[in-house]
Amino acid sequence: MSVRRLAAEQPESFDFTPELEAVAQKLIAKYPEGRQASAVVPLLWETQKAAGGWLPEPAIRAVAERLGMANIRVLEVATFYTMFNLEPVGKYFVQLCGTTPCMLRGAEAIRHVCERKIGHERHVSADGTFSWLEVECLGACTNAPMVQINDDYYEDLTPENFEKLLDDLAAGRPVKVGPQNTRQGSEPEGGARVLIDPALYAFKSNVPGFADAPATETPDLLAAGLPRAAAESPVDPTAALSAAQEKAADGADTREKREAVAAEATKPSGAGE
Amino acid sequence: MAKIVVDGTEVDVPAEYTLLQACEAAGVEIPRFCFHERLSIAGNCRMCLVEVKGGPPKPTASCAMAVKDLRPGPNGEPPVVLTKSPMVKKAREGVMEFLLINHPLDCPICDQGGECDLQDQAMAYGADTSRFAENKRAVEDKYIGPLVRTSMNRCIQCTRCVRFSTEVAGVPDLGAIGRGEDMEITTYLEHAMRSEMQGNVADLCPVGALTHKPYQFHARPWELIKTESVDVMDAVGSNIRIDTRGREVMRILPRNNDVVNEEWISDKSRYVWDGLKVQRLDRPYVRKDGRLVAASWSEAFAAIAAKVKAAPATKLGAIVGDLASVEEVFALKTLIGKLGSANIDCRQDGAALDPALGRATYVFNPTIAGIDEADAILLVGTDPRHEASVLNARIRKRWRQGGLKLGLIGTKVDLTYPYEYLGAGPDSLSDLAGTGAFGEVLRKAQRPLIIVGQGALARPDGAAVLALAARVAVACGAVKDGWNGFAVLHTAAARVGALDVGAVPGVGGLDVAAMTAPGGLDVAFLLGADEVEIAPGAFVVYLGTHGDAGAHRADVILPGAAYPEKSGLYVNTEGRVQFANRAAFPPGEAREDWAILRALSDVLGQTLPFDNVLALRAQLVAAYPHLGHIDEAVAADPAALATLAQAGGTVDKAAFALPIDDFFLTNPIARASAVMAECSALRLAATAQAAE
């Protein structure tokens, strides 16, 4: 964090495009009459998107006018939240996480790549493609080190794959969002290593009347890499969902039904104690 | 009511009191920076931490915790607040240490030094050394206008200034940008603040971050003599404290008076003091061969006596200016009467107010504090924001509480609160008496308030407009038992006092218009009257303080005392009699006005019957007993309004004009002030920019 100031060079003016105005109306409509100032954060966000990833000073004034707020009130919000960029950013705005877990996993090396490939921090590269900024934790510590480029996370970076990523972006080639190695989400690399004993997944019910499910089925499915939900219920999940929706739609007794089911479920265990 | 034990003393306070208020009720002082009685609670300085039993088991910010939020003990004992426990001491010392981490040690060159909350409280809770070895935070100073100087390294982010400008002044210019350690107080892109009460933010600042620019590096508080006085820049009669060093007025500060100005004053009241030092008339002048030549008092008096003797009594007249105290108006009126003339007028602007109609027809009957109780306000031909800024802040305060309906007839202006615009001229006022929708609002209101400004009265049909306003007031039930909602808002500090002593034309007397007309007078006495122009031909005696319009026209100049230089009574717009003490002395040979009139009367052979100001005041009070009730607004008899409402008169269609062109330049003192000139230029530039 450091003192945040408006950019030295500002455009002459900023006008709400029809699209932005439509968004503004939608946002303002969410709040009661006279409370339109509540829309200031989302509207600034949309304005930032419309203005090319940053908030020029005329845009701040435009938002203030649109919401009937004093200019200073909007400036307060814009300078408070670091998600609002007060200076121009590149087409690809790289936010590099430099907080402890990423730092321990090599964010420094990623930073060097940024410096080499893009230039100084907070400076847009000559062709306008990139700019980068070191930010605090973005909450993807399991996949450290990582960067956020525009709206997407790119994780498990190494200097090599990050450099390639930047090159691909610059060249307009398709890139993979998420972990840049073989990992799936935040799963361990190379698949699960713990909690893999099949016995853990054997279904044993202490509810009388429920038969124990055969313990053999599930591990096989797990090993085959099928999602757990599919493994447990071979029924089409979308069908179940629509059935639930129908139930919900058919009236006031849904809640009572649910409560009855819950009571049914708790009773035997209470009796068992 | 709720019981609470503060440091062993049980007190019974309203349940909605904050702990801080409860502690004060128990006589315990709580240190604070961000909390202020007249602003919303922020709770961000943490200096007011106390220990509570019956609340969270940690130090609690007493400004933000209500008595009703605390639980009683297991056996129903009242909750306990400790303000002197070791935990409290340690907590406050911690807060103070954090505050001082980034606060510069520049007290010796800080204007706030000697009257600084941080300095004072550091004496109680500060450590003698700092444990902070890092660099202090450095903050750029901001430009926020010509009146308030910033030194932002000193700011402790209490946000009192932000809350004041947003809540009280109603001009949300100030804000806190950034966050955390990097939070900075500024205006949007460092433009100048636009409030006419911005000087108050420097008063509110508990440290030296915001100080008074015109006063910077001028004096130290301990070398100033403090005199309690009354402001004369507008008719509110704000209570002020005049600080002097030697003969010089160094600054003017507000005094707390809940029924008048609370604790605010306008920028004109506060920063006009540099006008007291320039353009002063410090010796008598007599015009010889078309040029004003310095003269002695006796030469000046002889010149006047020669002219007065030569003129018939009906051709003598006097006009009372806007800054005169009641004593000198009384002395002048007595003198003019003794000279056999009935020509005296205090209504420079020609406002159609007449004491003969009854006092209720020319004072702010509901009183300023009464605004708090009003539930519908109609403004007629007035811009209170610039005619009486502090009073406007009071209306705004009432509006913020909700449930207030506001209407305005006259020029559309920004009053810092919304209102329903009803029209421009008397027609719209007539409508209210009949079918107008806002008339219904007024009729339904419990306590309707009708404020009539000078813009509605200082016009040819002023008397008819006044009667019409009274008719509306009576028709909508604004005048009833326990509530008189008919209010005349004056712009001149001297006006109500002068009307009270009857400084208006007597039988067959000439009013201002007649006196200023060509051939109206042979000898005209101007008691600080600079807003009128006497037609050529008359011999003009100007008794005043500044080389302003009146002095330029004068044939004889008698140098008088400005308001800090004389003791006197002033009656504000609500009819409240207030006493202004003398804080300084008039410059050079200038004398107090009443003494000049007394000396002149001797030369004219009509000696006034008093030899000192006490004797004068005694006679004044004997003649007008209500002027003896200092600090009281003696209620006027509302029956006068019923009579006035019966009065006819035709109103014309012209729109109501504003009585004040330039807020900063309304009187000779303000016009002499460089600070006021700068403010005026800034406002003009801002208006021009807005018009583009």
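Is Cys141(A) buried, partly exposed or exposed? Partly exposed, with a relative accessible area of 35%. Keep in mind that this is a predicted model.

Let me stay with that cysteine. Cys141(A) sits in the loop between strand 2 and strand 3 of chain A. Cys137(A) is in the loop between strand 2 (130-135) and strand 3 (147-149) of chain A. Its relative accessibility is 40%, so Cys137(A) also counts as partly exposed; the limits for that class are 20% and 50%.

What does Cys137(A) touch, if we ignore its neighbours within four places in sequence? It is in contact with Cys97(A) and Thr99(A).

Now the annotation. UniProt, in an unreviewed entry, puts the feature "binding site" at Cys97(A), Cys102(A), Cys137(A) and Cys141(A).

Next, the domains of chain A. The assignment gives domain 1 (18-80), domain 2 (92-179) and domain 3 (198-264). The C-alpha centres of domain 1 and domain 2 of chain A are 29 Å apart.

Where does the second largest pocket lie? Between domain 1 and domain 2 of chain A, because both give residues to its lining. The space in this pocket is about 890 Å³.

Strand 2 of chain A gives the most, with five residues. By class, the lining of the second largest pocket splits into 13 nonpolar, 11 polar and 11 charged residues.

Over to chain B. Here the assignment lists four entries: domain 1 (2-99), domain 2 (130-223), domain 3 (285-355 + 494-633) and domain 4 (365-489 + 637-655). Domain 2 and domain 4 of chain B have C-alpha centres 37 Å apart. Their contact takes 10 residues from domain 2 of chain B and eight residues from domain 4 of chain B.

An unreviewed entry assigns "domain: 4Fe-4S Mo/W bis-MGD-type" to residues 224-280 of chain B. That span is 9% helix and 35% strand, and its end C-alpha atoms lie 23 Å apart.

Rolling a probe the size of a water molecule over the atoms shows where empty space is left. The count comes to eight cavities of 30 Å³ or more.

The largest cavity holds about 140 Å³ of space. It is lined by 17 residues, and closest to its centre are Leu323(B), Gly528(B), Thr545(B), Lys566(B) and Asp593(B). Strand 25 (539-544) and helix 21 (668-672) of chain B each supply at least two residues of this lining. Strand 25 of chain B gives the most, with three residues. The lining of the largest cavity has 10 nonpolar, three polar and four charged residues.

The second largest cavity comes to about 80 Å³. Which of its 14 lining residues lie nearest its centre? Cys155(B), Cys158(B), Cys161(B), Cys205(B) and Ala209(B). The lining of the second largest cavity divides into 11 nonpolar residues, two polar and one charged.

Conventions
Residues are numbered from 1 along each chain as its sequence is written. Chains are lettered from A and ligands numbered from 1 in the order in which they are written. This is a predicted model: local features need pLDDT of at least 70, side-chain atom pairs count only at pLDDT 80 or more; totals for chains, interfaces and linings use all residues. Side-chain values use heavy atoms; hydrogens and water are left out. UniProt positions are given in the numbering used here, feature names are shortened, and annotations may be inferred rather than shown by experiment. Helices (H or I, at least four residues) and strands (E, at least two) are DSSP runs, numbered from the N terminus. Buried means under 20% relative accessible area, exposed over 50%, partly exposed in between (1.4 Å probe, protein chains only). Contact means heavy atoms within 4.5 Å. On a 1 Å grid over the protein atoms alone, a cavity is a set of points where a 1.4 Å probe fits but cannot get out, and a pocket is an open set with protein on both sides within 12 Å along at least five of seven lines; lining residues have an atom within 4 Å of a point. Grid points are joined across faces, edges and corners, and a volume is the space filled by probe spheres set on the points. Ala, Val, Leu, Ile, Met, Phe, Trp, Tyr, Cys and Pro count as nonpolar, Asp, Glu, Lys and Arg as charged, and the others, Gly among them, as polar. Domain bounds come from an automatic or database domain assignment.
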